[in-house]
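Thanks, everyone. Please look at the screen.

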Amino acid sequence: MEKVFADAFFWIALANPGDHWYHAAKRFNEENPEISLVTTEEVLTEFLNYYSNSGERHRRIVGAMCQQVSVHPKIEVIEQSHQSFVRGLELYRMRDDKGYSLTDCISMSIMKEMGLQSVLTHDNHFTQEGFTTLL
């Protein structure tokens with residue numbers, strides 16, 4: 001079964017039907033039921049932080065989404081660890097000419113470790129590192 005990495009960009013889009021990328025994210029899910037997703041707790045933290053000041057309704061929606069993601073049989077959530085932080089920090093420091101966030105660096109490091117090439121995002125930082133973006 002093919003695995004694809006899900007960036008915060010994907011979760012943010014899925015949580016809001018008014019988001020510019022909502023339909024693309026939803027369409028990917030509908031057209032690719034056989035694909036398993038991989039994400040990280042850091043990505044989910046970024047997702048929750050994005051909606052943290054968006055009011056009660058959005059906080060309930062994204063809180064429920066994260067709970068569902070954490071138990072979904074076709075979604076692997078990689079736990080935060082000191083080691084993931086260190087590997088992400090290493091990439092962050094190596095790419096001081098880029099605008100990569102630490103969360104992106106952690107995601108890229110995990111993708112490399114797992115041999116994942118495709119990522120659900122529209123963030124060109126991933127393409128700069130040689131990954132294929134699917135949104």
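Start with V38, which stands opposite E76 in β3. Before going further, the basis: this is a predicted model, in which local features need pLDDT of at least 70 and side-chain atom pairs count only at pLDDT 80 or more, while totals for chains, interfaces and linings use all residues. Residues are numbered from 1 along each chain as its sequence is written, and side-chain values use heavy atoms, with hydrogens and water left out.

Strands here are DSSP runs of E, at least two residues, and helices are runs of H or I, at least four, numbered from the N terminus. Two strands pair if DSSP finds at least two bridges between them.

Strand β2, residues 36-40, runs parallel to β3 and is joined to it by 4 bridges. T40 has I78 as its bridge partner in β3. With β1, β2 pairs over 3 bridges, also parallel.

Now the whole sheet. It is open, with 5 strands in the order β3-β2-β1-β4-β5 and parallel pairing. β3 (75-78) and β5 (132-133) are at the edges with a single partner strand each, so one side of each has no neighbour in the sheet.

Back to β2: 5 of its 5 residues are buried, meaning under 20% relative accessible area with a 1.4 Å probe, protein chains only. S36, V38 and T40 point one way, L37 and T39 the other. In a regular strand, side chains alternate between the two faces of the sheet.

Key: Buried means under 20% relative accessible area, exposed over 50%, partly exposed in between (1.4 Å probe, protein chains only).
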